[in-house]
Amino acid sequence: MHNFLLLSPEVAAARTAGKPIVALESTIISHGMPYPQNVRTAREVEQIIRDAGAVPATIAVIAGKICIGLSDEQLELLGSSPDAMKVSRRDLAYVLAQARLGATTVAATMICAQLAGIEVFVTGGIGGVHRGAETSFDISADLQELAQTSVAVVCAGVKSILDIGLTLEYLETHGVPVLSVGQPGFPAFFTRESGFQADFQIDSPEDQAAFIRTKWQLGLAGGVVVSNPVPADAAMAPAEIDAIITQALGEAASQNVTGKKVTPFLLGRIKELTEGRSLATNIALVKHNALIGARLAAALNHRAA
């Protein structure tokens with residue numbers, strides 16, 4: 001299995017030294033933001049993690065290897081290449097076997113992080129149950145991955161383009177705990193509140209680590225969602241973003257946008273309709289998640305020592 005893994009020198013040194021490591025996805029670079037903001041944001045997020053005392057490990061599939069930690073040149077490649085495939089669980093073997101360039105989603109990043117022994121993963125927002133899933137069956141593979149892969153995922157909730165209530169119901173059915181940081185409410189990516197509650201509010205990284213360690217020591221496999229709301233000064237007004245999302249969803253339906261193309265289409269259209277303000281919110285929440293994730297990784301590392 002580890003023949004497929006290629007650790008960067010920084011990540012390899014961190015593992016040898018016993019330092020906390022934080023996994024980062026690459027789909028947010030290749031499909032989530034435009035160039036060059038995507039590469040610049042990726043580098044800034046990595047630096048936030050370093051400054052907080054942990055080591056970043058951005059994950060992607062390059063030349064037949066799962067790369068755990070990327071060089072500046074590899075970040076540029078992912079950020080600027082139109083050929084990067086969006087890789088989830090079902091795609092991972094194909095992209096590796098064909099030596100294609102692949103950017104990992106939440107699900108694939110969780111798999112790769114667990115293979116590399118990394119317990120904390122930072123992203124923007126997880127996937128979920130899409131609106132209208134009762135007829136389309138469009139449910140993100142991220143949710144099933146959270147049910148079976150033991151990685152803590154720090155996020156700003158789920159994107160409000162999704163059915164948040166059904167997403168939380170799905171997670172409950174599969175025994176995935178949903179924690180919140182700083183508030184009892186579950187955030188909705190662009191906004192701090194979704195109208196739904198998290199399962200447990202646990203604010204300090206030490207208490208979060210105690211909860212997660214206890215879960216895994218009990219033999220309860222699977223992930224934990226650590227939902228961290230977007231900073232208040234970067235949040236969007238709920239009424240405004242809801243109206244824009246409704247418009248974007250209608251346009252996606254009228255243009256027959258389906259499958260993996262839905263989320264990139266919606267995020268791109270929302271960026272246009274908000275004149276770039278949604279991208280600024282996206283960047284702010286990812287950076288905030290990086291700080292929370294680095295602190296959690298350090299606390300988990302301390303409890304393992």
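**Aromatic rings, helix faces and loops**

Author: Let us begin with accessibility: F200 is partly exposed, because its relative accessible area is 43%. In these terms, buried means under 20% relative accessible area, exposed means over 50%, and partly exposed lies in between, with a 1.4 Å probe and protein chains only. This is a predicted model, in which local features need pLDDT of at least 70 and side-chain atom pairs count only at pLDDT 80 or more, while totals for chains, interfaces and linings use all residues. Residues are numbered from 1 along each chain as its sequence is written, and side-chain values use heavy atoms, with hydrogens and water left out.

Reader: What sits over the ring of F189?

Author: The charged end of K159 does, 5.2 Å from the ring centre. A charge sits over a ring if NZ of Lys or CZ of Arg is within 6 Å of the ring centre and within 35 degrees of the ring normal.

Reader: Which residues of α10 are buried?

Author: An α-helix has 3.6 residues a turn, so residues three or four places apart point the same way. Helix α10 covers residues 205-217, and its 13 residues reach 18 Å from the first C-alpha to the last, close to the 18 Å expected at 1.5 Å a residue; the expected span is 1.5 Å times one less than the number of residues. Its buried residues are P205, Q208, A209, I212, R213, K215 and W216. Seen down the axis of α10, these buried residues fall within an arc of 160°, so they line one face of the helix. The arc is that of the directions from the helix axis to the C-beta atoms. They pack against β8 (152-155), β13 (224-227) and α13 (277-304); contact here means heavy atoms within 4.5 Å. Just after α10, G219 takes a positive phi of about 80°.

Reader: Where do the buried residues of α4 lie around its axis?

Author: In α4, L75, L78 and G79 are buried. They cover an arc of only 95° around the axis, which puts them on the same side of α4. Their cover includes α2 (27-30), α3 (37-51), β3 (55-62) and β6 (102-104).

Reader: Which polar atom lies 3.0 Å from the backbone oxygen of G79?

Author: A polar contact is a pair of N or O atoms within 3.5 Å; within protein, one must be able to donate a hydrogen and the other to accept it, and residues adjacent in sequence count only if both atoms are side-chain atoms. Here the atom belongs to the side chain of N38. N38 lies in helix α3 and is buried, because its relative accessible area is 2%. Leaving aside neighbours within four places in sequence, N38 is in contact with I29, M33 and G79.

Reader: What does the side chain of S81 reach?

Author: The side chain of S81 reaches the backbone nitrogen of D83 at 3.1 Å. S81 is found in the loop between α4 (72-80) and β5 (85-87), and D83 also has its place between α4 and β5. S81 counts as buried at 18% relative accessibility, whereas D83 is exposed, with a relative accessible area of 55%.

Reader: Which way does the peptide bond from Y35 to P36 lie, cis or trans?

Author: That bond is cis, with omega near 5°. P36 has its place in the loop between α2 and α3.

Terms used
Helix = DSSP H or I, 4+ residues; strand = E, 2+ residues; numbered from the N terminus.
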